[in-house]
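Hi,

Here is the structure I promised to pass on. Have a look at it first, then read my notes on the aromatic rings below.

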Protein chains: 2
Amino acid sequence: MHQFQFIADQLGERLSTPAPVLLLDVMEENILRMQAFADAHGKALRPHVKTHKSIEIGRRQLAAGATGITAGTLGEVEVYAAAGFGDIFLAYPLIATGTKGDRLRAVADLAEVRLGIENSAAADAVAHAFADAPQRIGLVIEVDSGAGRSGVQPAAAGELARYARDLGLRVDGVFTYPGHGSKPGMREAAAEDQARALGEAVESLAAVGVRAEVVSAGSSPTVAFSTHDVITEVRPGEYVLNDHDNFALGNCAAEEIGFFVATTVVSDQGHAHVIVDAGTKALAREGNYDRGYGQVPEVDGVLTVLNEYHGFLTLPEGGTRPAPGQVLPIVPHHVCPVMNSFDEVILSDRRGRYLGTWSIEARGQLN
Amino acid sequence: MHQFQFIADQLGERLSTPAPVLLLDVMEENILRMQAFADAHGKALRPHVKTHKSIEIGRRQLAAGATGITAGTLGEVEVYAAAGFGDIFLAYPLIATGTKGDRLRAVADLAEVRLGIENSAAADAVAHAFADAPQRIGLVIEVDSGAGRSGVQPAAAGELARYARDLGLRVDGVFTYPGHGSKPGMREAAAEDQARALGEAVESLAAVGVRAEVVSAGSSPTVAFSTHDVITEVRPGEYVLNDHDNFALGNCAAEEIGFFVATTVVSDQGHAHVIVDAGTKALAREGNYDRGYGQVPEVDGVLTVLNEYHGFLTLPEGGTRPAPGQVLPIVPHHVCPVMNSFDEVILSDRRGRYLGTWSIEARGQLN
């Protein structure tokens, strides 16, 4: 990732900092690499758009062979359905009451929509919203594979499937998010937990007479190990751009990181840190696995404190001291909330050529 | 703040969660209270708009008697200048080279603009951008009063003032941000540090023949103690809405908090937590002084972990367990980045009457 400084220098005045920069060639390679992996293992690839929230990136993922997309909010589904995406899985245990029921019903007329579900209240809400067409939407039952977040225990999947079926609804399968695979050293073990949980859930559905057509697995950290026969599709998101957490976890090589935030040094008053113009509102205070909230390899620096518009870039003792006015690339820890901070992203490539901008159309679609 | 549950219940289906709710009557009282305080002490009030980023709220602050506004980014200045705000202080050590120089020059034709400055590179940039009209913009020298962020040492203010003056620029005064006053128990001491630093800086300017017309002090935590004679204006921001950090620090009473985020419980799988639909992209992972990333007084719960669209709401043992589908109000720790997460805010009052929505026009203006 050290070439980021070269790229930032080439872009020069194109960068009004803090500025998000996306490397199109790196991204294209990431898209093709993941698609080739999914193809080689006979899995459908359904990328999670929460990472990039860009219609154009979603289109490129489909063009490379993705079977459809995964969304995290109803607002994301609406943006992509309106843009013509025909196959969308809302992998979230939405409880679609009130206006959300109306909205969900409306997008199901625009696209083939599947919805995550993990409790009976959610099933009741879908039955109400789709009273006129209860088979119009596919339900995918969420099971907990060890993250302890949402999802029923695998053996209980059948019970919820029966509940939904008795309401006249259509159950298409099961999914899980092996979130514990985002912890250091846990990728492979979490993928094993995932396969076991999905297998149990499929059996639990079969026991009540429901065939799991969809058996859907996460995630960028675990996808390399999610090749078990039971799995029909994978839903990685971050692989498309990557970030420092994925690099630190071993999910990607440094040269597979396709995104950085350019920042300007605005103050050097001789402290252990200089001040840069990227703070919480740009970087979203995300930090894991390493200290701090963003890495600046060019000066071996770390963002140790963030205020809203001020980043404290702590430098190694005796190291290079960037001068006020200097532009530096920050490698974020977690790319998803950083993309969501900006309305558009600057496009470049490894050679630092300016290639225009893209809107981040689904930015801020939080509900 | 316990009436937030009542308000959320009254708003009912108006809330598509996660949803930011602003209480107009509370806000109006906060505006009037701070204005009365500033008037009583003979200080100009220049509220920081980074908290709310709303044109309408800025207008109400002016209507109540504020002398102008404070901005944190050039983009914020542009939004407010275009909306007719005539007196704007960009309290940030911007280095206005390249397009930022052009932009700064353009807004200075729309409004009376002052700019923070704390190094010679920034002065050089202003001299270049305003080569045709070097007196068109006022510079306000930033001094460090103990936060260790940006700003020259107070005794060095005169040297920078002379440097700027020798470039033909106009120096109007000094400002500081006593950020160390945001730590528990530090408000009064930080305000004393602030007064001392500003006094020294004024003398330092006087020694080179520059009169400090503006002597500008922060901030919501310290404003109550920022009544020293040397100070001409105060720049609080958060007072307009308040949040849990300000409450915990003793800056405001519970009933002076005028903002919450409504969230829906989407999962209860019997863990110590339930899952709600407000995560990092809504709440911005801000937590201080108390554990967690948001408080839910109604169930005595705390958001202990945030994923992008999932909040882990940890409940007290044996306490009330909210059911999936239930809407709960979250009191954020830090209101500013939360407002910046949303494109519009829902308006209500203490009685839970729905009063429409406002756009957050300067949301995402990060550069």
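Predicted model: local features only at pLDDT ≥ 70, side-chain atom pairs only at ≥ 80, totals over all residues.

Residues are numbered from 1 along each chain as its sequence is written, chains are lettered from A and ligands numbered from 1 in the order in which they are written, and side-chain values use heavy atoms, with hydrogens and water left out.

Rings of Phe, Tyr and Trp (its six-membered ring) pair if their centres lie within 6.5 Å; planes under 30 degrees apart are stacked, over 60 edge-to-face, and the rest tilted. That gives six aromatic pairs over all chains. One of them is A:Tyr80 with A:Phe85, edge-to-face at 5.0 Å centre to centre and 90° between the planes. A:Tyr80 is buried (under 20% relative accessible area; exposed is over 50%, partly exposed in between; 1.4 Å probe, protein chains only), at 0%. A:Phe85 is buried too, at 3%.

In chain B, the ring centres of B:Phe89 and B:Phe175 are 5.0 Å apart with planes at 90°, so this pair is edge-to-face. It links distant parts of the chain: B:Phe89 is in strand 4 (residues 87-90) and B:Phe175 in strand 7 (residues 170-175), 86 residues apart. Strands here are DSSP runs of E, at least two residues, numbered from the N terminus. B:Phe89 is buried at 1% relative accessibility, and B:Phe175 is buried at 1%.

Then the charges over rings (NZ of Lys or CZ of Arg within 6 Å of the ring centre and within 35 degrees of the ring normal). The charged end of A:Arg14 sits over A:Tyr354, 3.8 Å from the ring centre.

Cheers

Conventions. Helix = DSSP H or I, 4+ residues; strand = E, 2+ residues; numbered from the N terminus.
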